[in-house]
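Reader: I'm new to protein structures and would like to learn how to read one. Could we go through it feature by feature?

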Amino acid sequence: MAETRSKLIPPLEDLNPSTFRESFRRILAFKESIGLEAFLDNPPDLLERAKLYATKFRNGALGWASNIWSRSAANTVVVNSDAELRQEHKLLMQRVLEHVLAQGPLIKVDGYYGRPGSKVQMHTTVYVDPQFPDLAYRWKQLVFPAPPDEKPEAELIVVPHYLGNPLIPGTNRLMAILVFPHHNLTIITLSSYQGEIKKGALRHWIYHVYKKGCTGEHAALREFTVKTVDGSWRRITLVIWGLTGSGKSTHGFYTWTPRNARVYVEKFGVNPLDYVRDQKIRNDDIVAICEDRVYGSERGAWVKTEDLTPEQEAMWNACMSPRALHENTEFSSDGTPSFEGKLFQYFGMPNRNARSVVYLDDTGYFDGQVDSDGPMNTAVFLSPGYFTDYAWVKLNTPEFIAKALADGRTVGHPAQARELVGKVRFVPRYSEFTIGVGDDAHVLRFYSFLKKWQESGHRVDVYMWNTTGRIVAQYRWGEVRVGDRTVRVPEPVLEVRDGIPKPVGGTRPTIEETELFLLQASRGAVKWKPHPVWGERVLVPAEVPGIPADRLRELDPTYYLSMDEFRELLKTQVEYSKLVLQQLGMRLPEEILTVMDF
């Protein structure tokens, strides 16, 4: 038996992604050869297995609790070559193999990211520890069916247990997740959070679509047809970028309906249904932007349900469906799902990251098509800020758009990580899932698309919205380290309310105000003026039909700040962003890197 064991799992010093995969296959084959079941191949009874420990809501939906309630970005290691392998990486690989050898049959599930038959189709196989059938079942509902006997283009091994995990070299953080981009392999341990599997697989898809000539973006996709000010109808293909917690699902799933139209009529004197038709939800989270069109990645969606209300009708329909599969979702007094965030807690704080796997069919605004009708013509960057941001602006040059995308400026949310709450962050492309090539490669490809579209006469309107930030929050000056530099930066004053650190002071647009802005901008009804510092590179709304002039002033940071203070804050932001990009190794041409300078 010792001889058999030595043949199944190689010595620690011989482990690498290739030998890991070979050993994994040997273990499965060995078990089968002696009459043991090594894995369950896409078993039809997954749901019944998962129901055994599900919360059975009164409306028929099911829910589960994960052992970690946010993604483990700080516990993730990306290994780009065998030369980067450390003893700790090999030890975790060894422990996973030892667990697979000792554990009962794994659950194997297969699926396609990207519409089957499209140029961005990617077959993914996920092996899940048998104690977590809900993870396998929920992931399978997100993706398109794929034949179990087809060779996968990416594999995930998911063992949500503590395995005596080593620390990430040079840190005090446990290593939970290993990513091998060039071996199309991810190993997940410790966490039973559904997002680790979803995002783990989508990392590989983002690299996959890049190799197909596209760019993979952390963005939602929706389409609608709008009546313009000249009376013609224009199809809007809208892509909405944003980091977790910034409002991407809120606005990506937004539709104007008879129910919420009453709010617009009452508050703004505008009925959006007079101007829109043929609204379609296409995709919620990760898309491939190509020259010809935008391709969706998934047939379902995994949405964050924080503060969800019936007025967000499409998302409410899907999340209240008896088919919805909930994670860390509370129950109301009548036993149905609740999204108020008042009952559950996580590390003593109110739950701010309940999630649901939903079927796009259940939104009422899905026609089975996850790809756009044509190329992107409208884009939104959800870049919440605290100090210099207007509610909405229009970015007017390809260089400025590319720099804003490269910056990915945002603020921390509990769904990202507890320690990031309220902090100003620069996360290139609003994504933490880029592997294989750098974020700069995707930015430059997108930049090339923008220039080609501009040269061909294809109009693309790009906006930046301040959704979950403030205009203007109280702040104090502090210091941050960027590489070997100490930088003086403004920091928001935070106070804990309802267990959550929140900024003090300032205002922000409501969901309805922002969607009204989108409607009027798409119609060509918004009147613009140059940004007070950036001039014609960025346009500021001077008039938005339906929004009173005094409210528009409240959404303008220069209403609260002197121009000297505004310029100082903005200059600090610009210089800070360049240092961060440099520290991250982003290689951008000078015309992009310096476009925000003044």
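Reader: Let me start with one residue. Where is I197 found?

Author: Keep in mind that this is a predicted model. I197 is in helix α6, which covers residues 194–211.

Reader: Is I197 buried or exposed, and why?

Author: The general idea is to ask how much of a residue's surface is left uncovered. Buried means under 20% relative accessible area. I197 has 1% relative accessibility, so I197 counts as buried.

Reader: What does I197 touch, leaving out residues up to four places away in sequence?

Author: I197 touches V126, L135, W139, L156, V158 and I188. Take V158: I197 and V158 are 39 residues apart in sequence, and their C-alpha atoms are 7.6 Å apart in space.

Reader: L135 and W139 were on that list. How many residues of helix α5 are buried?

Author: Helix α5 spans residues 133–142, and nine of its 10 residues are buried. L135 and W139 are among them, along with P133, D134, A136, Y137, R138, Q141 and L142.

Reader: Now the whole chain. How many helices and strands does the chain have?

Author: The chain has 15 helices and 33 strands. Its radius of gyration is 24 Å, close to the 25 Å that the globule rule gives for 598 residues, so the chain is as compact as a globular protein of that length. Along the principal axes, its C-alpha atoms fill a box of roughly 80 × 55 × 50 Å.

Reader: And what share of the residues counts as buried?

Author: Of the 598 residues, 61% count as buried. Among contacts between residues at least 6 apart in sequence, 75% join residues at least 24 apart.

Reader: How should I think about a nonpolar core?

Author: In soluble globular proteins, nonpolar side chains tend to be buried together. Here the largest nonpolar core has 78 residues, and those with the most contacts inside it are V239, W241, I289, M376, F381 and L395. Apart from that core lies another, of 47 residues, which includes Y137, W139, L142 and A154.

Reader: Let me pick V239. Which residues is V239 in contact with, leaving aside its neighbours within four places in sequence?

Author: V239 is in contact with A219, A220, L221, V287, I289, V294, M376, T378, A379 and V380.

Reader: What about charged side chains?

Author: Side chains of opposite charge can pair when their charged atoms come close. In this model the count comes to 46 salt bridges. Start with E98 and R95, whose closest N and O atoms are 2.7 Å apart. E98 and R95 are three residues apart in helix α4 (residues 87–102), so about one helical turn separates them. E98 is partly exposed at 31% relative accessibility, and R95 is partly exposed at 25%.

Reader: How far apart are the N and O atoms in the salt bridge of D285 and K199?

Author: They are 2.4 Å apart, N to O. D285 lies in the loop between β13 (276–283) and β14 (286–289) and K199 in helix α6, so this pair ties together parts that are 86 residues apart in sequence. D285 counts as buried at 4% relative accessibility, and K199 is buried with a relative accessible area of 5%.

Reader: Which residue forms a salt bridge with R488?

Author: R488 pairs with E568, their closest N and O atoms being 3.5 Å apart. R488 lies in strand β29 (residues 485–492) and E568 in helix α14 (residues 563–583), so the pair ties together parts that are 80 residues apart in sequence. R488 is partly exposed, with a relative accessible area of 46%, and E568 counts as partly exposed at 38%.

Reader: Which residues are linked in a network of salt bridges?

Author: The network links E223, R235, D278, K280, R282, D367 and D373.

Terms used: Residues numbered from 1 in each chain as written. Predicted model: local features only at pLDDT ≥ 70, side-chain atom pairs only at ≥ 80, totals over all residues. Heavy atoms only, no water. Core = buried A, V, L, I, M, F, W, Y, C linked by side-chain atoms within 4.5 Å. Buried < 20%, exposed > 50% of the residue type's maximum accessible area, 1.4 Å probe, protein only. Contact = heavy atoms within 4.5 Å. Helix = DSSP H or I, 4+ residues; strand = E, 2+ residues; numbered from the N terminus. Rg over C-alpha atoms; globule rule 2.2 N^0.38 Å. Salt bridge = Lys/Arg side-chain N within 4 Å of Asp/Glu carboxyl O.
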